Structure formats: structure tokens, C-alpha cells
Amino acid sequence: MTYTYKDAIYIDDTGNRIDCWLDLDKYEGWTPYTLDVNDTDTTIDNTVLLAQMQEANDIAPYVAPTPPTQSEIDAENALNLRRQRNQILRGMVDPFISNPLRWEALSSNEQSQVTAYRTALLNITDQSSFPDSVTWPERPSVLDVT
């Protein structure tokens, strides 16, 4: 038995696991497959497949992932905080502000509180601790949904 495979690459530093694509008639084409030398399932004969790969000497080496840089961590944190802020704006604040009936039902004091809250949410990116952490503004009680 021989297998047709492509793109074989070690996926860890043990040398026991290899990702590849197998051309299997049963599945009508290329199918992702992880060869694990400790796998006892015989659907695919891993011993034969591994020997074939080793003989061809075409298994790409394992490359350990590099840890993210601080700027990448900061960018991810900033993105997550902006998403959280935008979700609050779209789901809670903007439906009040953009709906004339809801907005007019608020007192001028409540409108001022909602406006100040919205502005504070928009300004979280100006906080000196951003993107490591932010102090979220206090939500006006008029926005509490019960």
C-alpha cells in the first residue's frame, strides 16, 4: 500500500505528529490528516505512511511559534476593548440616542447623563492605561434594562 500525500509538516517538537493532506479515493480528493506514530487506528497505516514520508525526505521541520511582541499584545488588547465598547454603544446607548421617541421620553438630566456616558465610552482610548486596562464609566441607571 502506498499513499499519495502532500504538504507534510511536523506539528510539534517530538517528531511524533505530522500534518499532511492525503489523496483518498474514499473521500473523493485531498483530505487533511494528522499522522500520529502512537495512533493505533488502522484506517490509515501510519507505519507505511511515515516510512514513505521519511524515504522521500520531504517532511517540513517543526517551527515553534514565536511569542507575540508587546506591540502585538497591545494591538490585540486595544481591539478587544474597542469591540467591548462598541458592543455597549450599539446594544445599549445608541438605541436610546437614535430613537426620537425614547430620547424625548428622557428628562434633560437623563439625556445629559446618557450623552456624558456615551462620550466617556468613546474616550476610553484616551486613558493613559489604555490598552492595558481601562476604567469603564458608570452606566446611567436610565440605561438599566430590567
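**Reading the cores and overall form of a predicted model**

In this predicted model, 46% of the contacts in the protein between residues at least 6 apart in sequence join residues at least 24 apart.

Q: How do you know which elements the protein has, and in what order do they run from the N terminus?
A: The assignment gives four helices and three strands, and from the N terminus on they run β-β-β-α-α-α-α.

Q: Why is the set of 14 residues called a nonpolar core?
A: A nonpolar core requires buried residues of the nonpolar kinds, joined through side-chain atoms within 4.5 Å, and buried means under 20% relative accessible area; the 14 residues therefore meet these conditions, and Leu22, Leu49 and Met53 have the most contacts inside the core. Strands S1 (5–10), S2 (17–24) and S3 (29–36) and helix H1 (46–56) each give two or more residues to this core, and S2 gives the most, with four.

Q: What does Leu49 touch, not counting residues up to four places away in sequence?
A: With contact taken as heavy atoms within 4.5 Å, Leu49 touches Tyr3, Tyr5, Leu22, Tyr33, Leu35 and Ile44. Apart from this core lies another, of 11 residues, among them Ile88, Leu89, Phe96 and Leu106.

Definitions and conventions: Residues are numbered from 1 along each chain as its sequence is written. This is a predicted model: local features need pLDDT of at least 70, side-chain atom pairs count only at pLDDT 80 or more; totals for chains, interfaces and linings use all residues. Side-chain values use heavy atoms; hydrogens and water are left out. Buried means under 20% relative accessible area, exposed over 50%, partly exposed in between (1.4 Å probe, protein chains only).
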